[in-house]
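Hi,

Here is the structure I promised to pass on. Have a look at it first, and then read my notes below.

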Amino acid sequence: MAKYKSKYACQECGYESPKWMGKCPGCHSWNTLVEEITTKSSHFRHESGNGGRQGALPLAQIASEEEPRFDTTMGELNRVLGGGLVPGSLVLVGGDPGIGKSTLLLQSSFALARQGYKILYVSGEESVKQIKLRADRLGPDTPPLFVVAENDLELIEQHINQVEPQVVIIDSIQTVFHPQIQSAAGSVAQVRETTAHLMRIAKGKGIATFIVGHVTKEGAIAGPRMLEHMVDAVLYFEGERHNTFRILRAVKNRFGSTNEIGIFEMKERGLEEVSNPSEIFLAERPVGVAGSTVVASMEGTRPVLVELQALVSPTSFVTPRRMATGVDHQRVAMIMAVLEKRIGLMLQNQDAYVNVAGGVRLDEPAVDLAIAVSIASSFRDQPTSPHDVVIGEVGLTGEVRGVSRIDQRIREALKLGFKRVIIPEKNIRGLEVPPGIEVIGVRTIAEALHEVLRG
Ligand code: TYD
Ligand code: MG
């Protein structure tokens with residue numbers, strides 16, 4: 001192992017000092033000096049493990065074949081990773097404590113081990129007994145998997161050298177410490193140095209490495225923001241505690257799209273993949289009530305039908321309450337303003353709650369029209385038809401604007417047995433409507449409301 005020397009550096013101005021000081025002599029700010037270590041090889045290189053340096057090459061001479069990826073056999077995880085796990089990649093998996101990160105990674109370790117890959121699962125949080133207990137919960141046959149309960153990075157490196165795994169799981173980065181750094185495990189200095197060290201091992205040996213990171217209350221992974229810049233992919237595992245659905249979302253991915261999501265359900269015996277999300281999200285949908293609309297939203301390359309609910313009721317507050325879960329509340333405020341101004345709905349003395357059923361988050365403007373319909377439906381107390389799907393972006397003049405991938409959305413609606421799809425008029429041109437479903441084009445919110453609210 002390389003020789004380490006400790007130093008302290010200011011996070012504000014970069015001032016360096018051999019000892020810790022409360023106040024930085026460089027920029028006079030307080031408590032900004034953080035311990036760092038310097039090694040001869042402290043700058044890791046972005047190459048995938050082929051060792052020595054080469055001269056610069058003409059781009060055309062560089063072979064573009066992709067390295068084969070590990071198939072985790074979990075379709076939902078493969079999709080979020082961009083089509084499987086890339087050898088030598090460093091993947092950060094973040095999420096609230098208790099959401100199921102350890103379960104997800106233990107299950108994918110099993111899936112990989114069953115295919116003959118060598119996996120080393122390093123736990124700094126639980127004893128090997130506890131890991132075994134969780135493993136027993138996941139199934140009777142335990143695949144060949146190496147586990148070790150260890151926090152010391154140097155010893156972890158020894159285990160890696162001994163086992164020579166293709167995949168390493170570090171659960172979690174906040175519990176691992178570098179023995180050459182004095183500060184406590186989980187501190188900025190520790191998280192940064194241990195990650196950098198794991199990065200060098202991963203790239204040097206071509207080991208795919210998963211790092212678990214707990215999320216702080218602010219939603220950022222504890223430790224420096226820099227952690228996210230260092231790794232190749234950042235996946236968040238999210239979901240609400242009272243809900244069994246879990247969504248794996250890529251917020252950064254050097255090897256794939258960040259639009260993809262993976263959907264799982266936490267069951268008694270581990271996580272189950274949800275490959276037909278629309279059916280599940282619509283399972284508890286009330287039929288024939290006011291304030292509920294179904295929308296077809298694209299989640300990455302996959303259309304998903306989701307129920308959008310709104311409740312609008314007279315306020316007893318000076319300022320009416322506006323709450324949105326699963327959609328952007330600014331967007332909801334904008335749509336409510338459009339409904340007031342263009343449709344004449346008196347919403348300013350109404351509380352409004354908008355919710356996406358199933359705990360999904362919808363980020364695209366194509367769900368605007370469904371939000372508008374749900375709000376108007378609840379306000380007027382007129383139910384929507386259970387056979388309709390509503391798709392469209394809403395503009396400030398109340399116009400309904402075109403959306404992407406309309407045929408995929410329509411086909412998903414047809415597959416789930418819906419009878420009508422309300423879409424932007426702009427999307428009608430050139431559209432091949434599959435038999436079995438009626439497609440109605442609308443130009444404005446007013447036209448859409450006329451179509452879907454007839455009660
Ligand atoms: P865990 O993977 O330990 O979460 P994290 O590593 O993110 O802190 O999962 C914790 C929760 O999942 C715990 O409340 C128990 C539940 N669980 C199940 O419901 N079914 C299972 O098969 C397993 C293993 C856990
Ligand atoms: Mg855990």
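Let me start with a question: does R405 count as buried, partly exposed or exposed? R405 counts as partly exposed, because its relative accessibility is 40%. Please keep in mind that this is a predicted model. R405 is in the loop between β19 (400-401) and α10 (406-415), and its phi is near 50°, a positive value in a residue other than glycine.

There is a second case of that kind. H28 is not a glycine either, yet its phi is positive, at about 60°. You will find H28 in the loop between β2 (16-17) and β3 (33-38). H28 counts as exposed because its relative accessibility is 52%. As background, most residues other than glycine have a negative phi, and most peptide bonds are trans. On the peptide side, look at D171 and S172: the bond joining them is cis, with omega about 0°. S172 is in the loop between β7 and α5.

Now the overall picture. The protein has 455 residues, and 52% of them count as buried. Its secondary structure comes to eleven helices and 21 strands. The C-alpha trace spans about 75 × 55 × 55 Å along the principal axes. If you take the contacts between residues at least 6 apart in sequence, 67% of them join residues at least 24 apart.

As for domains, the protein is divided into domain 1 (2-41), domain 2 (69-275) and domain 3 (280-452). Between the C-alpha centres of domain 1 and domain 3 there are 53 Å.

How many residues of strand β5 (residues 119-123) are buried? Five of its five residues are, which leaves β5 mostly covered. In a regular strand the side chains alternate between the two faces of the sheet. In β5 both faces are covered: I119, Y121 and S123 are buried on one side, and L120 and V122 are buried on the other.

β5 also has parallel partners. It is joined to strand β7 (residues 167-171) by five bridges, and the two run parallel; here L120 stands opposite V168. Four bridges join β5 to strand β6 (residues 146-149), again running parallel, and Y121 has V147 as its bridge partner in β6. To get from β5 to β6, the chain passes through helix α3 (residues 128-138), and this β-α-β crossover is right-handed.

On to the packing. The largest nonpolar core holds 45 residues, and those touching the most other members are L308, V327, L339, L369, I371 and I375. Several elements each supply at least two residues of this core, including β14 (302-314), α8 (329-343), β16 (350-356) and α9 (368-380). The biggest contribution is from α9, which gives seven residues. Domain 2 (69-275) and domain 3 (280-452) each provide at least three residues of this core.

L369 is worth a click. Leaving aside neighbours within four places in sequence, L369 is in contact with V390, I391, G392, V394, V400, V442, I445 and A448.

T195 is in helix α5 (residues 188-205), and it counts as buried because its relative accessibility is 0%. Beyond neighbours within four places in sequence, the contacts of T195 are L90, I173, I211, L227, M230 and V231. V215 is in the loop between β8 (208-214) and α6 (226-230). With a relative accessibility of 14%, V215 is below the 20% cut-off and so counts as buried. From V215 to G430 there are 215 residues in sequence and 47 Å in space, C-alpha to C-alpha.

That is what I have so far. Over to you!

Best wishes

Technical notes
Residues are numbered from 1 along each chain as its sequence is written. Chains are lettered from A and ligands numbered from 1 in the order in which they are written. This is a predicted model: local features need pLDDT of at least 70, side-chain atom pairs count only at pLDDT 80 or more; totals for chains, interfaces and linings use all residues. Side-chain values use heavy atoms; hydrogens and water are left out. Domain bounds come from an automatic or database domain assignment. Buried means under 20% relative accessible area, exposed over 50%, partly exposed in between (1.4 Å probe, protein chains only). Two strands pair if DSSP finds at least two bridges between them. A crossover is right-handed if, with the strands pointing away from the viewer, the path from the first strand over the helix to the second runs clockwise. Contact means heavy atoms within 4.5 Å. A nonpolar core is a set of buried Ala, Val, Leu, Ile, Met, Phe, Trp, Tyr and Cys residues joined through side-chain atoms within 4.5 Å.
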